[in-house]
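Please keep the sequence and the model at hand while reading.

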Amino acid sequence: MSVALLALRLMCLAGLWPVTQLNSSHFPNKRRHKDIYLGDNAKQKHGGRVDLRMKKMDSTKSLLIKSEQLLRIEDHDFAMRPGFGGSAIPVGIDVQVESIDSISEVNMDFTMTLYLRHYWQDDRLAFPSSSNKSRTFDARLVKKIWVPDVFFVHSKRSFIHDTTMENIMLRVFPNGNILYSVRITVTALCSMDFSSFPLDTQNCSLELESYAYNENDLMLYWKNGNDSLRTDEIVLSQFFVEDFRPSFGLAFYSSTGWYNRLYINFILRRHIFFFMLQTYFPTMLMVMLSWVSFWIDRRAVPARVSLGITTVLTMSTIITGVSASMPQVSYVKAVDIYLWASFLFVFLTVIEYAAVNYFTTVEEMKKLKRAKVPASFDPSQAMAFDGCFHDNEMDLASIPEAASTPNTERATHSRNSTAESAPTEGTRLRRRNTFVQNVSFIMSNSYMIDTYSRMAFPMAYLLFNVIYWSLYA
């Protein structure tokens with residue numbers, strides 16, 4: 001019986017053998033899609049085919065799992081700080097300022113891009129290493145371990161750069177020392193004082209502090225002292241960066257206690273040349289342009305009035321433009337003092353001509369009253385003698401005294417005054433003219449106001465500039 005079963009099995013194998021040969025001849029590449037081809041070196045080692053187990057060992061996921069196993073991440077609770085329950089953990093800070101992107105006077109803030117590096121020791125992440133080499137990781141591992149919760153005090157906006165990946169680096173050394181570096185752009189408040197603007201110097205600072213851990217749990221310090229703050233070459237459009245220096249302090253909160261705080265202090269001195277071109281030089285030119293009216297004939301009313309109004313409106317435009325680019329502060333700035341003083345000089349030029357025109361009119365009216373005016377003469381046309389009104393033509397031939405030139409009349413009046421004031425025997429010399437008499441004399445000779453203004457206005461403005469620039473420059 002057993003012999004019969006054995007014979008039957010042999011017959012079945014003999015019948016299946018041709019079918020097996022036929023399949024192998026028609027489908028030679030049936031399993032080729034399962035082969036994995038690598039480079040030339042791999043082909044030489046494995047005959048052009050790599051085992052799937054080799055692929056599994058080379059995957060990134062497998063290496064990450066191995067790193068986590070090496071650092072024993074699953075064996076510890078990283079929600080707790082290193083050395084929990086003991087003394088405060090020291091965290092060293094090192095900053096490299098890449099750039100100061102912008103400074104806004106209107107918002108009173110600045111934007112800075114920097115590399116923020118943290119140094120501390122966590123024995124939980126120590127690992128054995130024969131070569132004593134560190135291991136470097138990216139942001140994926142940072143989320144699974146404890147890192148210091150440093151934040152920027154008085155910051156308005158901040159973000160970690162993420163192009164092309166998050167700019168985060170974690171370097172772990174075999175003894176548990178850790179370097180954690182991030183690239184951050186932060187916009188922070190800077191309390192600016194514009195009392196000397198634009199001849200001002202601003203002191204700004206970026207402040208770092210732990211959010212959750214007070215000084216009993218975490219101690220922030222500059223890792224290398226004053227060398228902990230490094231800067232690239234920083235060039236700003238409106239400021240010179242005079243000084244970069246780190247400092248240290250403590251901050252107290254009534255509900256949580258004392259916290260370590262680190263300061264990045266820098267001093268900014270403003271470029272004055274831009275404001276000289278945009279504000280100061282145009283203002284000086286407008287003031288000097290207003291003085292041209294002193295050399296224009298006092299009877300040329302349209303010319304002098306239009307020149308005065310034009311300079312006043314131009315000064316108003318300059319003041320408005322400067323105010324629009326500045327914060328609305330409640331104190332007076334240096335540029336406001338200069339602009340409004342210059343505006344006052346321009347305005348006084350217009351007032352000066354108004355006084356000259358008025359006194360000239362009064363003087364001519366007095367002359368007409370002293371003259372023999374015909375009964376048919378219209379007194380309303382008296383101002384025509386001054387050139388202010390030219391509606392109707394006048395015949396001044398009938399007014400011989402009024403038609404005499406002012407210079408001749410003044411000369412006659414001067415000779416009469418000299419003759420009257422000449423001392424006679426038995427009389428005392430008269431006292432010098434008082435201030436009121438001098439003013440009255442100038443009012444009766446209005447042309448002298450322009451003469452004195454040609455010297456008084458430039459000298460007064462020059463004196464103002466000397467005082468202004470000596471105080472603020």
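The model is predicted, and its protein chain has twelve helices and twelve strands. Of the 473 residues in the protein chain, buried residues make up 36%. Among the contacts in the protein chain with a separation of 6 or more, 75% are accounted for by residues 24 or more positions apart.

**Aromatic pairs**

The structure holds 27 aromatic pairs. One of them joins Y253 and Y259, whose arrangement is edge-to-face, with 5.4 Å centre to centre and 80 degrees between the planes. The two residues can also be described by their accessibility: Y253 is partly exposed, with a relative accessible area of 31%, whereas Y259 has a relative accessible area of 5% and is buried. For Y259 this assignment holds because the value of 5% lies under the 20% cut-off for buried residues.

A further pair is formed by F345 and F464, whose ring centres are 6.5 Å apart and whose planes stand at 45 degrees, so the pair is tilted. The geometry of the two pairs is set out below.

| Pair | Centre to centre | Angle between planes | Class |
|---|---|---|---|
| Y253 and Y259 | 5.4 Å | 80 degrees | edge-to-face |
| F345 and F464 | 6.5 Å | 45 degrees | tilted |

F345 and F464 also belong to a cluster in which ring pairs link Y280, W291, Y338, F345, Y461, F464, Y468, W469 and Y472. Elsewhere, a ring meets a charge: the charged end of K223 sits over the ring of Y119, 4.7 Å from its centre.

**Helix 6 and helix 7**

The axes of helix 6 (residues 273–290) and helix 7 (residues 301–324) come within 9 Å of each other and cross at roughly 165 degrees. That angle makes helix 6 roughly antiparallel to helix 7, because angles over 145 degrees count as roughly antiparallel. The crossing of helix 6 and helix 7 is left-handed. On the side of helix 6, the residues that meet helix 7 are T279, P282, T283, M286, L289 and S290, and their counterparts in helix 7 are L307, T311, T314, M315, I318 and V322.

Key:
Residues are numbered from 1 along each chain as its sequence is written. This is a predicted model: local features need pLDDT of at least 70, side-chain atom pairs count only at pLDDT 80 or more; totals for chains, interfaces and linings use all residues. Side-chain values use heavy atoms; hydrogens and water are left out. Rings of Phe, Tyr and Trp (its six-membered ring) pair if their centres lie within 6.5 Å; planes under 30 degrees apart count as stacked, over 60 as edge-to-face and the rest as tilted. Buried means under 20% relative accessible area, exposed over 50%, partly exposed in between (1.4 Å probe, protein chains only). A charge sits over a ring if NZ of Lys or CZ of Arg is within 6 Å of the ring centre and within 35 degrees of the ring normal. Axes are lines fitted to C-alpha atoms, for helices over the stretch in contact, and angles run from 0 to 180 degrees between N-to-C directions. Helices (H or I, at least four residues) and strands (E, at least two) are DSSP runs, numbered from the N terminus. Angles under 35 degrees count as roughly parallel, over 145 as roughly antiparallel, 65 to 115 as roughly perpendicular and the rest as oblique. A crossing is left-handed if the near helix is turned anticlockwise from the far one by less than a right angle, and right-handed if clockwise. Contact means heavy atoms within 4.5 Å.
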